[in-house]
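Subject: Structure handover

Hello,

My notes follow below it.

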Amino acid sequence: MFKEDPKSFRIYHEGYGQQVSEWPVNPLDLITAWIRKKPRNWVIADFGCGSATLSKSVKQKVFSIDLIASAPNVIECNMAHTPLEEKSVNVVVFCLSLMGTNLTEFIVEANRVLVKRGVLKIAEIESRFENKIGRFLSVMNKLGFECIHKNQNQNYFWLFDFIKIKSVKLKPNLPELILKPCMYKKR
């Protein structure tokens with residue numbers, strides 16, 4: 001839909017920005033603060049970057065990736081098939097961006113581009129998990145990731161830190177990662 005109507009992509013991001021601005025904490029701010037403490041030579045991939053805010057906020061090299069390029073430095077592509085080289089990234093970020101219908105493919109692509117023991121940071125709306133965090137973590141483990149930290153912040157979103165523990169290729173018998181559609185609550 002966004003490819004056929006880029007205006008709808010802009011409208012979506014404007015609505016998202018308005019919603020997040022009303023939260024007491026923006027999860028991207030927490031992720032940014034964490035990355036700032038990491039080595040300057042680390043490479044970051046921001047999957048579903050929107051307006052590429054992360055790349056403007058840290059000193060590390062950031063590949064900003066989204067379905068539609070909203071800024072000149074954004075790589076326009078399906079997050080399931082990025083042009084990044086295999087094992088070339090230290091950190092992959094999905095900050096409120098696991099919105100496609102092919103989430104398993106997104107995570108497998110993150111696995112492909114991450115170095116061994118690379119970090120996958122995920123921030124998602126808490127209502128998308130429907131009290132099934134255990135199932136989410138189990139599927140993530142089967143997709144090659146071990147959860148090393150989880151935090152539900154302010155009853156708005158969950159923050160997860162995963163470490164890549166094994167390489168995984170996309171194949172038919174992989175479990176499907178499913179999250180509920182976003183339900184933004186007026187608070």
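K121 stands opposite D161 in strand 7. Strands here are DSSP runs of E with at least two residues, helices are runs of H or I with at least four residues, and both are numbered from the N terminus. Strand 5 and strand 7 run antiparallel and are joined by seven bridges. Two strands count as paired if DSSP finds at least two bridges between them.

Some ground rules. This is a predicted model, so local features need pLDDT of at least 70 and side-chain atom pairs count only at pLDDT 80 or more, while totals for chains, interfaces and linings use all residues. Residues are numbered from 1 along each chain as its sequence is written, and side-chain values use heavy atoms, with hydrogens and water left out.

**Strand 5 and its other partner**

Strand 5 also pairs with strand 4, in the parallel sense, over six bridges.

Why is strand 5 largely enclosed by the rest of the structure? Because nine of its 12 residues are buried. Buried means under 20% relative accessible area, exposed means over 50%, and partly exposed is in between (1.4 Å probe, protein chains only).

Strand 5 also holds R117. Phi of R117 is near 70°, a positive value in a residue other than glycine. K87 is another non-glycine residue with a positive phi, of about 50°. K87 sits in the loop between strand 3 (74-76) and strand 4. Its relative accessibility is 45%, so K87 counts as partly exposed.

**The whole chain**

Four helices and seven strands make up the secondary structure. Along the sequence the pattern reads α-α-β-β-β-β-α-β-α-β-β. The chain has 187 residues, and 49% of them count as buried. Take the contacts (heavy atoms within 4.5 Å) with a separation of 6 or more: residues 24 or more positions apart account for 66% of them.

**Cores**

In soluble globular proteins, nonpolar side chains tend to be buried together. A nonpolar core here is a set of buried Ala, Val, Leu, Ile, Met, Phe, Trp, Tyr and Cys residues joined through side-chain atoms within 4.5 Å. The largest one has 36 residues, of which V92, F94, I107, L120, I122 and F136 touch the most other members. At least two residues of this core come from each of strand 1 (43-47), strand 4 (89-95), helix 3 (103-113), strand 5 (114-125), helix 4 (133-142) and strand 7 (157-164). Helix 3 gives the most, with six residues.

What does I107 contact, leaving aside its neighbours within four places in sequence? The list is F94, L98, L120, I122, M140, L143, F145 and L177.

There is a second, separate core of 19 residues. Its members include L28, I31, V58 and V62.

T32 is in helix 2 (residues 27-36). It is buried, at 7% relative accessibility. A polar atom of the T32 side chain lies 2.8 Å from the backbone oxygen of L28. Leaving aside neighbours within four places in sequence, T32 is in contact with L54, S57 and V58.

W23 lies in the loop between helix 1 (6-21) and helix 2. W23 counts as buried too, at 8% relative accessibility. W23 and Y156 are 133 residues apart in sequence, yet 7.8 Å apart in space, C-alpha to C-alpha.

**Cysteines**

How many disulfides are there, taking a disulfide as a pair of cysteine sulfur atoms within 2.5 Å? The count is zero. C49 is in none; the nearest cysteine sulfur, that of C77, is 9.3 Å away. For C77, the closest cysteine sulfur is the one in C49, and 9.3 Å is too far for a bond. C49 is buried, with a relative accessible area of 9%. C77 is buried as well, at 11%.

Best regards

Notes: Disulfide = S-S within 2.5 Å. Polar contact = N/O pair within 3.5 Å; in protein donor to acceptor, adjacent residues only side chain to side chain.
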